[in-house]
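Here are my notes for you, jotted down as numbered points. Keep the viewer open and look up each part as you read.

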Number of protein chains: 2
Amino acid sequence: MKLGRLNHVGVATPSIEQSLAMYRRLFGAEPSSPAFDLPAQGVKVCFVDAPNSQIELIEPLGPDSPIARFLEKNPQGGQHHVCFEVPDIETARAHFERLGARILGPTRIGAHGTPIFFLHPKDMGGMLTEIMESPKQAH
Amino acid sequence: MKLGRLNHVGVATPSIEQSLAMYRRLFGAEPSSPAFDLPAQGVKVCFVDAPNSQIELIEPLGPDSPIARFLEKNPQGGQHHVCFEVPDIETARAHFERLGARILGPTRIGAHGTPIFFLHPKDMGGMLTEIMESPKQAH
């Protein structure tokens, strides 16, 4: 297991629309594609591209969203998680399980359409960490 | 102004040594160079490379460190800031000043030896943001 690409930094926001206005105004940055709902995660998602990585803006889909509590504590939003790529999600899951790192929930399909899971922040230096299988095509 | 490379994610930790042990155990990752003190920022610094970006581990140099309060709130550590590159720091500073984004303190030399400044999280969707002049050589 090697440390893979930093696919994105996940940033919680009360409003993707307001966050996009901020990136547009300060950085001239536009989203790489329109925002979309990811009901399995309880969030609305929109990516803003840096040349080498991405910012993933995530907005709660409803009051039961997994990020609702984060936004209660951080009403403005802020850094929520980081995401590293792996070549194969099942190999990675077995690897982390063998090492005793806690995995949050089942492997599921993430915002880039590939399987993902989350490592518990307590096993990652306080940092909620998404592990994502690399897309098969260049991105 | 374009959104530049995501140079690194800054991660506060009570112990760089313990964080490195975690990255080594879970990801087989080694620091790109030994940890070093950055007294101007009040932190000890160590970088861990992902293929496209870096994790910057930062540990307080003393009780007056700017990250001491962050670690009081987050004793395990966690995501502290993100850093985007710009081609020229003075142009970037003038750009953000003109747009009314609050800049925290003077422009100073950062961990990669190039000038940096920080944007206030309240003007960046709750995300403390370092703006860093790209190193002149490839990195």
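This is a predicted model: local features need pLDDT of at least 70, side-chain atom pairs count only at pLDDT 80 or more; totals for chains, interfaces and linings use all residues.

1. Start with the pair β6(A) and β7(A), the latter being residues 115–119 of chain A: these two strands run antiparallel and are joined over four bridges.

2. Now follow the chain around the turn. The hairpin of β6(A) and β7(A) has five residues between the strands, and A:Gly113 takes a positive phi there, near 80°.

3. Zoom out to the whole sheet. It is open, has eight strands and mixed pairing, and the order in chain A reads β2-β3-β4-β1-β5-β8-β7-β6. Which strands stand at the edges? They are β2 (36–38) and β6 (103–109) of chain A; each has a single partner strand, so one side of each lacks a neighbour in the sheet. On average, neighbouring strands here are turned by 30° against each other, ignoring direction. As background, sheet strands pair through backbone hydrogen bonds, in either a parallel or an antiparallel way.

4. Helix α1 of chain A, residues 16–27, lies across β3 (43–49) and β4 (54–60) of chain A, and runs at about 150° to β4(A).

5. The UniProt record, an unreviewed entry, annotates residues 5–134 of chain A as "domain: VOC". That span is 22% helix and 38% strand, and its end C-alpha atoms lie 9 Å apart.

6. Next, see how the two chains meet. Contacts link 43 residues of chain A with 43 residues of chain B. About 3,600 Å² is buried between the chains, with carbon and sulfur atoms giving 63% of that area. Of the area chain A buries against chain B, A:Leu3, A:Phe27 and A:Gln79 supply 22%, more than any other three residues.

7. Finally, look inside. The largest nonpolar core has 58 residues, and A:Phe27, A:Phe96, B:Phe27 and B:Phe96 have the most contacts within it.

Methods. Residues are numbered from 1 along each chain as its sequence is written. Chains are lettered from A and ligands numbered from 1 in the order in which they are written. Side-chain values use heavy atoms; hydrogens and water are left out. A nonpolar core is a set of buried Ala, Val, Leu, Ile, Met, Phe, Trp, Tyr and Cys residues joined through side-chain atoms within 4.5 Å. Buried means under 20% relative accessible area, exposed over 50%, partly exposed in between (1.4 Å probe, protein chains only). UniProt positions are given in the numbering used here, feature names are shortened, and annotations may be inferred rather than shown by experiment. Two strands pair if DSSP finds at least two bridges between them. Axes are lines fitted to C-alpha atoms, for helices over the stretch in contact, and angles run from 0 to 180 degrees between N-to-C directions. Contact means heavy atoms within 4.5 Å. Buried area is the accessible area (1.4 Å probe) that two parts lose on being put together, summed over both.
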